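This briefing is for a reader who is new to the structure shown below. The points after it are grouped by topic.

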Amino acid sequence: MAFEPVARTSQLKVGECRIVEMGSHGGPTAPRRIALYRLADGFYATQNECVHRGGELGDGIVSGGSHVVCPLHQWRFDIRTGACEVAPGTCIRTYPVKIEADVIMIDLDGGTPAVLALPPDQDD
Ligand code: FES
């Protein structure tokens, strides 16, 4: 586990999301953009790039208390599990989040993987 600080808890209100960059502190790997969310029960993180066509989920809308709606074609994903409502079996990657004092930390090595499970005739 390698949790990295990304933001302070006061930077997000319940029902908000934003994009954070990780690994951009002079390390050997390119920075990665991660979507960070605040729900009523805490903070969550997923990959930022939508598995459909690359929309930025951190610029999406938190809906129904636990889902994010992609800004490009409005696919909905469960923020806690990554599951997609539009394409069953498809998931976005989720990452573990913890809070230390008032600092939000994300572990890019943990979480659940992304799965793309589109039927052959469903590509939009
Ligand atoms: S890119 Fe996200 S729904 Fe199409």
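Glutamine 74 counts as partly exposed, because it has 13 C-beta neighbours inside 10 Å, and a residue is called exposed at 12 or fewer and buried at 20 or more. The model is a predicted one. Glutamine 74 sits in the loop between strand S6 (67-69) and strand S7 (76-78). Its phi is positive, about 65°, although glutamine 74 is not a glycine.

- Alanine 101 is placed in the loop between S9 and S10.
- Alanine 101 is exposed, because 6 other C-beta atoms lie within 10 Å and the limit for an exposed residue is 12 or fewer.

- Strand S9 (residues 97-100) and strand S10 (residues 103-107) run antiparallel and are joined by four bridges.

**The chain as a whole**
- The chain has 10 strands and zero helices.
- Along the sequence, its pattern reads β-β-β-β-β-β-β-β-β-β.
- The chain has 124 residues, of which 29% count as buried.
- Taking contacts between residues at least 6 apart in sequence, 45% join residues at least 24 apart.

**The largest nonpolar core**
- The largest nonpolar core contains 24 residues.
- Ile34, Ala35, Leu36, Tyr37 and Ala45 are the residues with the most contacts inside this core.
- Strand S2 (16-22), strand S3 (32-39), strand S4 (42-47) and S10 are the elements that give two or more residues to this core.
- S3 supplies the largest share of the core, four residues.

**Contacts of alanine 35**
- Which residues does alanine 35 touch, not counting residues up to four places away in sequence?
- The residues that alanine 35 touches are Cys17, Ile19, Ala45, Thr46, Gln47, Asn48, Leu57 and Gly58.
- Alanine 35 and Ala45, which touch each other, are both among the residues with the most contacts inside the core.

Conventions:
Residues numbered from 1 in each chain as written. Predicted model: local features only at pLDDT ≥ 70, side-chain atom pairs only at ≥ 80, totals over all residues. Contact = placed C-beta atoms within 7 Å. Pairing = 2+ DSSP bridges. Core = buried A, V, L, I, M, F, W, Y, C linked by C-beta atoms within 7 Å.
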